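Please keep the sequence and the coordinates at hand while reading.

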Amino acid sequence: MSKAIIKNNNIYLENFIPLIKKHFNKILKIYFIIAILFIIYFFIKAPVYTAKLSFYTNYSPSSSQTSISLSFLPANLPGLESDNLNFSISDYVNSKKFLQEIVENEYEIGDKNISLINFWGKNYKNFLTINPLTILNRLNNNIMLNQNLSEIQKKSYFARSKLKSSTNFSEDRKTSLNRISIEVKNHSDLSVNILNDIYDSILSYYNEINNIKAEEKKQFIQDRLLAVKTELKQSEKNMILFLETNKEIASPTLTLKKQSLQREIDLQSQLYLSLSDQFELAKIDEKDNTSSIFLLDSPSVSSNKNGISLLRALVYMFILSFLFVMTFHIYKDRKELFLS
């Protein structure tokens with residue numbers, strides 16, 4: 001019979017040690033069974049390789065040029081505020097466009113080139129795995145999947161889900177340092193190749209956005225140039241007509257009128273010159289293929305094995321075995337251990 005741990009609202013910790021000794025053999029038995037099973041699983045499970053890369057970003061390289069060149073123009077002038085791209089890499093790497101692009105790429109796996117749709121997608125009906133969470137997840141996906149999808153669409157969906165769950169992205173907003181990692185079973189080279197394609201896709205999309213925005217900006221400035229040029233010519237014609245009509249300008253009214261026409265010409269001339277400068281910058285930006293994304297660490301496989309270490313796992317298992325056995329017996333003998 002075990003001595004009470006709590007009696008008359010008093011705690012007797014010294015009685016807890018005999019309780020541990022009493023059930024210590026059971027703790028060891030359960031621990032050894034779990035440990036042996038885990039060790040077997042640890043050495044027969046498919047190895048998982050993690051590849052990582054990091055890079056710096058700067059999303060608005062030309063905003064300072066616009067603010068200097070057109071500093072006398074309203075900040076909210078339509079067509080110029082679009083320089084702020086607000087491009088989020090986090091949103092992009094989670095988008096269907098990005099995921100579909102990567103899973104459609106072909107990689108050398110084994111002795112043949114195969115896309116991730118066919119490599120990962122073929123397992124969307126495969127429930128033969130020892131991980132119960134994976135079985136439940138695949139079963140749920142198959143139940144919830146739109147049955148009107150074609151076979152290739154179902155494979156594509158599974159491959160995108162696999163890529164998304166295997167990829168991890170993080171961003172330091174203070175330093176603009178971005179990190180991407182991906183976990184792939186069995187094939188270390190595949191993880192590096194996928195990561196290379198991920199980086200190339202980010203660069204390509206970033207440059208695509210910059211080029212489109214630069215083209216839109218150039219077109220906007222070109223249209224404004226034509227409009228301002230027309231207005232400038234009209235202002236000059238108005239001045240010529242005024243001077244031809246008024247040979248002698250003596251009255252204050254005519255003087256004021258002339259000054260008003262001259263200010264209009266000066267304003268249109270200044271605007272035309274500034275837009276011309278900005279138009280040249282826009283043409284340069286349109287042809288500029290340089291990127292403001294700078295690679296820090298190239299894609300490489302981690303030096304350490306992925307997952308929890310064997311020693312740490314064995315320590316955790318012992319703790320869990322101890323807690324499980326002691327909790328069970330404390331609950332079972334609660335009438336003897338807790339006396340009021």
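Which residues of helix 4 are buried? They are F98, L99, Q100, I102 and V103, where buried means under 20% relative accessible area, exposed means over 50% and partly exposed lies in between (1.4 Å probe, protein chains only). The model is a predicted one, in which local features need pLDDT of at least 70 and side-chain atom pairs count only at pLDDT 80 or more, while totals for chains, interfaces and linings use all residues. Residues are numbered from 1 along each chain as its sequence is written, and side-chain values use heavy atoms, with hydrogens and water left out.

**Overall make-up**

- The protein chain has 11 helices and 9 strands, these being DSSP runs numbered from the N terminus (H or I and at least four residues for helices, E and at least two residues for strands).
- Of the 340 residues in the protein chain, 32% are buried.
- Among contacts between residues at least 6 apart in sequence, 75% join residues at least 24 apart, a contact being heavy atoms within 4.5 Å.

**Helix 4 against helix 7**

- The axes of helix 4 (residues 96-104) and helix 7 (residues 151-166) come within 9 Å of each other and cross at roughly 105°; axes are lines fitted to C-alpha atoms, for helices over the stretch in contact, and angles run from 0 to 180 degrees between N-to-C directions.
- Helix 4 contributes K96, L99, Q100, I102 and V103 to the contact, and helix 7 contributes S156, A159, R160, L163 and K164.
- Sorted by class, the contact of helix 4 with helix 7 has 5 nonpolar, 2 polar and 3 charged residues, with Ala, Val, Leu, Ile, Met, Phe, Trp, Tyr, Cys and Pro counted as nonpolar, Asp, Glu, Lys and Arg as charged, and the others, Gly among them, as polar.

**The two helices individually**

- The buried residues of helix 4 pack against helix 3, strand 4, strand 5 (112-115), helix 5, helix 7 and helix 8.
- E101, also in helix 4, is partly exposed, with a relative accessible area of 31%; E101 touches Y92 and S201, not counting residues up to four places away in sequence.
- The C-alpha atoms of E101 and D197 are separated by 9.3 Å, although these residues are 96 residues apart along the chain.
- Helix 7 has 16 residues and reaches 23 Å from its first C-alpha to its last, close to the 22 Å expected at 1.5 Å a residue, where the expected span is 1.5 Å times one less than the number of residues.
- In helix 7 the buried residues are K154, S156, F158, A159, R160, L163 and S166; F158 counts as buried at 12% relative accessibility.
- F158 and L145 are 13 residues apart in sequence and 9.9 Å apart in space, C-alpha to C-alpha.

**Nonpolar cores**

- The largest nonpolar core has 33 residues, and those with the most contacts inside it are L116, I194 and I202; such a core is a set of buried Ala, Val, Leu, Ile, Met, Phe, Trp, Tyr and Cys residues joined through side-chain atoms within 4.5 Å.
- At least two residues of this core come from each of strand 3 (48-56), helix 3 (89-93), helix 4, strand 4 (106-109), helix 5 (116-121), helix 7, strand 7 (177-185) and helix 8 (188-245), and the largest share, 9 residues, is supplied by helix 8.
- Apart from this core lies another, of 8 residues, among them F220, V228, F279 and A282.
- I194 touches I102, Y107, L116, W120, L163, I182 and V184, leaving aside residues up to four places away in sequence.

**Positive phi in two loops**

- S176, in the loop between strand 6 (167-172) and strand 7, has a positive phi of about 60° although it is not a glycine, and at 23% relative accessibility S176 counts as partly exposed.
- N186, in the loop between strand 7 and helix 8, has a positive phi of about 70° although it is not a glycine, and at 44% relative accessibility N186 counts as partly exposed.

- K213 lies in helix 8 and is partly exposed, with a relative accessible area of 28%.
- The C-alpha atoms of K213 and E286, 73 residues apart along the chain, are separated by 8.3 Å.
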